[in-house]
Amino acid sequence: MKRRDFLKLSGGSLALASVPTWARSNNPNRRLVVFFLEGGLDGLSALIPKAEGALESHRESLLPTSLLDLNSHWALDPSLRNTHKLMLSQDILGVHATNFPYTKRSHFEGQNFIQGAGKAPFTESTGWIGRGLDLVNYGGRAMSLDTPLLLRGTTSIDNYYPAHVKGAYNPSSDLLKRIHSGLSEQWQTTNEKLIARVTKNTYQSNDRSPNALAREAGKALSQKDGPIAAMIRLGGYDTHAGQGSRLGSKLTELDLCISSLKDSLGEAWDNTTFITLTEFGRTVKVNGSSGSDHGYGTCMFIGGGAVNGGAVLADWPGLAKSDLFERRDLMATLDSRSLCAAALEHTLGLEHDEIAERVFFEPNLKRVTDRIYL
Amino acid sequence: MKLAYLAVVTAMLAGCQSAPQKPNGTGSVERINIESQTYQEGMHRYPVDAEFLKPKLSIAQQQLAKREAEKERNRKRNLEMAEDVQLASKFYAEKDGWFTWVTDQKQFIAAPNLKSKPMRLLMADGREQIVKGQLGNRQIEARAKVIHFGVLTDRSVMLIIAPINSTPGSETSISIFNDAVAACGTALPYAFGDIHFISKTTNPAVAAKQACIVEKTQHDRFLRVFYNNALSIEQQVEGAELELGLSS
Amino acid sequence: MSAKSPELNYTMRVGLIPRLGNSIPNDPVNWAIDQLSYNKPLKSPAANRSTDPVYEEWPAHLDPGLKERLINVWRWDEARESLRKQHANEERLLRQKLDEAQFKYDLRWFDAAKFNHYGAYGEDPVRQRLGHFWFNHFTIGSYDSFYTAGDFYEHRILKNLNGSFADLLYEATTHYSMLRYLDNVDNVSPNSEQGRHRRQKGKQVGLNDNLAREIMELHSCSPAQGYTEEDIHNAARILAGWGDYAFNPRWAYQDWKSADYPYIRKRADTGTKVVMGKKYGRGSSALKEFTNDLAALDKTREYICHKLALHFISDNPSKKVTQALESSWKNSNGNLLAVHTTLLELAWSEGENKVLWPSHWLFNIVRAADAHYFDSHQDITSWQMGREVVKPMRELGNSFWEERQPNGFPLKSREWISLEHLDRRVRFAQSVWNRAFVTAKPEEIMDHLQVPLSYQSKVMEFGQGHEQFIALTVNRWMMEV
């Protein structure tokens, strides 16, 4: 199918959903969760433009045997069962042919750029969520041992990642207070947070699977004084070889994380947005080892109670060779930063212009908030 | 209207992809100039097909909907149960949660029989015995089994008569019985071609199904006599002392 | 707390603290430079669970050479296949048999234990620290790359620390661990004999540019060089044919030059390739030519000198430092002995605040307390026991024997500061005290570390031994330089 035909089919199907009042209320307890899919998600495999004739000729061996249908154009990989349900109940929006404006296909530059969101990779020592949180002086939480760049920029960031150390007990707040003076300033700030956590005794589980971390993040975020934003990393998306089964199990993991997050948030789901981020998409054509190589455009999922879900949003560029970026990758026609800015605007209650200028350093960044939220 | 909409979206998208910025660090990033890509159509929303789409609900509404659905299920279940109890009460007495068959005319006249022996069943207890004798005006020779189903939840006791020497008369009774089972259903397992009888159960639906079968087979004299004397047969299989007189 | 002595600080910046019982060097720069030519084998306890350990050399059979290891990869593949058939319906038995078989053929846990022992007992900590830097620079990290990771560290990294960067780059690129980690074992040229054959049979075949991309981006010139996708594509053509999944001595087609340099002609690209304007011919020699050219680039020199300074000297290395390193590189034609010597000299005078990697912190506290914390080869009696070896470093987020991102561990201090990292330090100090047979008294350790008396009395206020040890090890002068 040609791209233009593909678009024609959708021409008349502009749906105007009525907006429930609960989604409009100005709630100060909004939350943001990022699932960072490390390695480069093959967007064409997760959210499949099934009406594209070129899909089969490019990558027949990468296509799943069954699909979870959304409409005549789009379907999900069969591993995304919960995601599918939540798309049908209008809680998740799929966005396609999108990425940050970064085209060099390097994991490290890409991951850094997507988290730092500066003018170029490695120019920023803070991340876009961290900078946003700093503007409103809110806190965030990284579900990992270290603090990822994305959340840096505000002092009120902590981590959660259960310890497995033989021959050691949970440190007591008394002990931590006593070692405090021996620490340098940069560690003292951290120690204060650790003392606060130990005092509250919020250790809950020692399960460190992404699914468990999503559950813990949901629990923490649902607290009234909980963190505003959280980031959960999911590795293994760099599917150069044997993509079929490997990606399937990764997508199942993501799918479980999404449903665990929703369950553990409880009613806070209505005030929460989650987004998926990844450093780039992958080549349209299958490579020599039944996988795909680093590419450009990919898909993104945005979900939550206030999200105007139940649809795929795209300016679909098509998959004919001449439509591809450098004749090999899905073109990105939508700057993901606009989507990230929308999530920040909704969550933090900041003006889009302020976010564009002070968080993304891009005064011209366009506002798409009304396309994402009810 | 639609044209205007598209124009707005296109303008928005053109701006979305801002021109490459000069990097201010040592690294360089090649930002592609999307403006050179002329996508007139702009950003589209492809909604999920209406046939798949479900209403969007808040968590509170979802929980409410869930509770409502549960309530509806319970209401239905209660209604069904009331109907079952009503039907069952035609033949069963209800006491302490048990529905017990009420009639035993003790007319079963049996020859001295073989001793009963335990059955090897996986999920239930049972005994079986060959019974030979007269029921009403019909001679019977059958394998009788009494099975106690269930341990924790719904419990039932079932008597099964498997004819050994069938006569045209017994074949008629069996086919009438089978038709009734097909119409009323049964909650407990038994082999096709046998006749079964529930003497006791904690589950009103089981009693109601048996009552239904009984009602539909009242016109068969043998079956009627069988129900009215089944408790005696059951007692014999279970090894209880029989109070009825044995014929010569 | 007053500052620790510059000598002790220096040993921690470029090396590791001398074990308790050895003195802190008076002339630390020469102490460090001398270690560059250290060539004695490692001596360490053969078993960990002993209060009176006997120091022995690491057994030779645990370093059998790359060819033997690769034949073992093949043997293990064969064993796995047949065990799966044999015990298809006995899941638990199968798991056990698989573990036993892998234990026989896969030395990864022994390699990890040796790596830990180098850190805990090595008399060449400066050489080890440089080894860690380069092992991290040439990151390997997939499960499969660990079959031979010990060989990679020992015979490609440590062995080439004093030669040219060009040689190190070539040696690292051509090792099985690297070829497997960055998927070059799948890199088959479509115009090669095997490529054409496979295509005729309707099979997938093609280039895999993973290693080609990273050799430029991560290992040599970095994206600052401004190469194109076309350059990467052609670099992948140069690399096509290097590496295979295992070494099967029975396969006639496996025409490797040798296990050390596994080049398979039948997969190689037959055309000429142009990378960054330079032409490369066919054959295995093109790769050495290519890595030599990469090593000679200005951007390679800048990138590597910057990384060295970042790791050892400062989170924001001054121009003075990077220029000194670069001119040492230029004058010596990229000779690492010269560059490392300059680095060690600069570290004395130019060093700024750095947070040490948690692995180095752990090695340091173990050394300072003369503790025996890490399992040795005799402790590893099964595959399951082997898994335990890597757990401490994994828990600290700093294990060289775990899957990780190809750009390795971060070099900047702030990447290592977090609430959970602090929590881990406290736990590991406890764990070392509780599990490692520390017989030294806190006072002895403090004397060794030249802790000022004022702080000594503070430490002694912590009542119990393990608390004193935490106070002694989780502080600015053990965690930072």
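The model is predicted, so local features need pLDDT of at least 70 and side-chain atom pairs count only at pLDDT 80 or more, while totals for chains, interfaces and linings use all residues. Residues are numbered from 1 along each chain as its sequence is written, chains are lettered from A and ligands numbered from 1 in the order in which they are written, and side-chain values use heavy atoms, with hydrogens and water left out. Helices (H or I, at least four residues) and strands (E, at least two) are DSSP runs, numbered from the N terminus.

**Buried helices of chain C**

- In helix α6 of chain C (residues 125-137), 13 of 13 residues are buried.

**Contact of α17(C) with α20(C)**

- Helix α17 (residues 358-368) and helix α20 (residues 419-435) of chain C pack at about 25 degrees, with axes 11 Å apart; axes are lines fitted to C-alpha atoms, for helices over the stretch in contact, and angles run from 0 to 180 degrees between N-to-C directions.
- The two helices are therefore roughly parallel (under 35 degrees; over 145 is roughly antiparallel, 65 to 115 roughly perpendicular and the rest oblique).
- Residues of α17(C) in this contact (heavy atoms within 4.5 Å) include Trp361(C) and Ile365(C), and those of α20(C) include Phe428(C) and Val432(C).
- By class, the contact of α17(C) with α20(C) has 8 nonpolar, 1 polar and 1 charged residues; Ala, Val, Leu, Ile, Met, Phe, Trp, Tyr, Cys and Pro count as nonpolar, Asp, Glu, Lys and Arg as charged, and the others, Gly among them, as polar.

**Contact of α4(A) with α10(A)**

- The axes of helix α4 (residues 81-88) and helix α10 (residues 243-265) of chain A come within 7 Å and cross at roughly 55 degrees.
- α4(A) and α10(A) are therefore oblique to each other.
- Arg81(A), Asn82(A), Thr83(A) and Leu86(A) of α4(A) meet Asp255(A), Ile258(A), Ser259(A) and Lys262(A) of α10(A).
- This contact of α4(A) with α10(A) has 2 nonpolar, 3 polar and 3 charged residues.

**Lys106(B)**

- Lys106(B) lies in the loop between β3 (98-101) and β4 (109-110) of chain B and is partly exposed, with a relative accessible area of 43%.
- Lys106(B) and Leu231(B) are 125 residues apart in sequence and 8.0 Å apart in space, C-alpha to C-alpha.

Methods: The expected span of a helix is 1.5 Å times one less than its number of residues. Buried means under 20% relative accessible area, exposed over 50%, partly exposed in between (1.4 Å probe, protein chains only).
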